Each structure stands twice: as structure tokens, then as C-alpha cells.
Amino acid sequence: MPAPPGRPVSAGRLADELGESLPAASSIPPESFALVQAVRDVIDAVVMTDVDAEVRAAAARQLAEISETLRRRRRDEPLLLVRHPDGRLESMLQAASGPLNPQALPIEWVVRPKEPPPGTAPSPAEVRARCTFRDSHAGSPRRVYGGIVALALDEVLGVAAHAGGASGMTVSLTVSLRAATPLDVPVEIVGRYTHSVGRKSFASGEVVVDGSVSAEATAIYVRERAHG
């Protein structure tokens, strides 16, 4: 599923160009998601383990064998776009919330409107997500690392822009960390696409913990130039 050569392109634009050739979300076997969850469990276990050196060495050997097995068949690039039955696009491997990327954030979409058909004029849209940050996301004691909070906001605001019909790539993200975002507590992340001016689209949002804003952000996205 390569991007058109010679120019940068967003996942949304690529999905528009590929159209009906995108695979269905149902084509992903459940074993793929089970593998991702198992790897996430390993990551958290490695972060928190206090076992002795011999146990670590044995675990490293076992993991090396698993990695070799998984490398027997590789994708050409880290990209897998699918369509859900309602027409919604999902990028399964991307770093922010890709369900098949174990390093991605465990973001759950609570409200995620279907994006409008290609060529539709953008209109305001709001999305809502929930995320429980894990031990591997820690910064200060019991707090989420600020860059991880920024990543979550970048993702949710970008999805809001896409839900409003304003595809494009992030060119500016401004984040204000107002309070601690805790680990192991479900938090709400809200994103709103507000308007566009020319090729630029604007979005804003916040992380909400027990009704209080712990972080907020604004973002600007730029739509790719049309190529004939």
C-alpha cells in the first residue's frame, strides 16, 4: 500500500486515492490483536521487573527467538489502512493509536463520527476518546510523561479534523500541560475541528481527568496540494 512516489501524502489522502481497494477491518484476524496485547504486557513487565540478571538473560533469548519468527514475513512499509463497515478509515500500524502497533497508545474511541465522502466541504466535528495510560508511559512519579500526553492530543485532534472532512498533515501542535495526568486511571480526550482557511485546518482539544482539564492543545493541519 505505497504512497504515491515523489510527494508526501497523508493517510486520509492516500485512502481517498485507493478508494474501494482498501481491505475491510474485518479482514484482520483476532490473533493479531491478541499478539499486540501480549507484547504490551511484556513491555509493562520489562518496565516494572526487578528479577535477577539470569532471568533477564533467559527472557531476552526467548524474545529474540520470537522476533526471528515474526521477521520471516515482513511488510514493505509500516502502513495498513482499513475501512470499517460504516466507511470509517483506520490506520492500523500508526504510532499514536494504531491497534496493531503495540507501542501505540491504548486509545478507545467513544464518539468518532464517520468522515464525509471525498470532495465534501469540511464542517465542524467533535470526537471523544478514553485512554488509560500504563506504567510504560510514566514521567514523574505516577504521572504520564508530557510528550505522551502531547501525542494523545495530536492523535485525537487529527481524527477530529478528518471527521470534519479536513484531511491533511500536522504542521503545528501547541500543548499546554496544566496539571498532572495520572497513570492507570481512565481519562477523557476531546478533539474538535473548528474551521479551515484555504489549505489550513484548525482544531483544539483537551485531556480531562475527573472533570478537570489536565492538558489542552491547538493544532494546524495543511491539506496537500492537488496534483493533476
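Contact means heavy atoms within 4.5 Å. On that basis, residues 24 or more positions apart account for 64% of the contacts with a separation of 6 or more in the protein chain.

**View 1. Overall fold of the protein chain in the predicted model.** The chain holds 4 helices and 8 strands. Their order along the sequence is α-α-α-β-β-β-β-α-β-β-β-β. Of the 228 residues, 36% are buried. The accessible surface of the chain is about 12900 Å², and carbon and sulfur atoms contribute 55% of this area.

View 2. Glu 90 has a relative accessible area of 12%, and the cut-off for buried is under 20%, so Glu 90 is classed as buried. Beyond the neighbours within four places in sequence, Glu 90 is in contact with Leu 80, Leu 81, Val 82, His 84, Pro 99 and Arg 112.

**View 3. Side-chain pair Glu 90 and His 84.** The side chains of Glu 90 and His 84 are joined by a polar contact of 2.6 Å. His 84 is also one of the residues listed as contacts of Glu 90 once neighbours within four places in sequence are left aside.

**View 4. His 162 in helix H4.** Helix H4 spans residues 146-163 and includes His 162. His 162 counts as buried because its relative accessibility is 19%, with the limit set at under 20%. Pro 116 lies 46 residues from His 162 along the chain, and the C-alpha atoms of these two residues are separated by 8.6 Å.

Conventions:
Residues are numbered from 1 along each chain as its sequence is written. This is a predicted model: local features need pLDDT of at least 70, side-chain atom pairs count only at pLDDT 80 or more; totals for chains, interfaces and linings use all residues. Side-chain values use heavy atoms; hydrogens and water are left out. Helices (H or I, at least four residues) and strands (E, at least two) are DSSP runs, numbered from the N terminus. Buried means under 20% relative accessible area, exposed over 50%, partly exposed in between (1.4 Å probe, protein chains only). Accessible areas come from the Shrake-Rupley method with a 1.4 Å probe; for residues, only the protein chains shown count as cover. A polar contact is a pair of N or O atoms within 3.5 Å; within protein, one must be able to donate a hydrogen and the other to accept it, and residues adjacent in sequence count only if both atoms are side-chain atoms.
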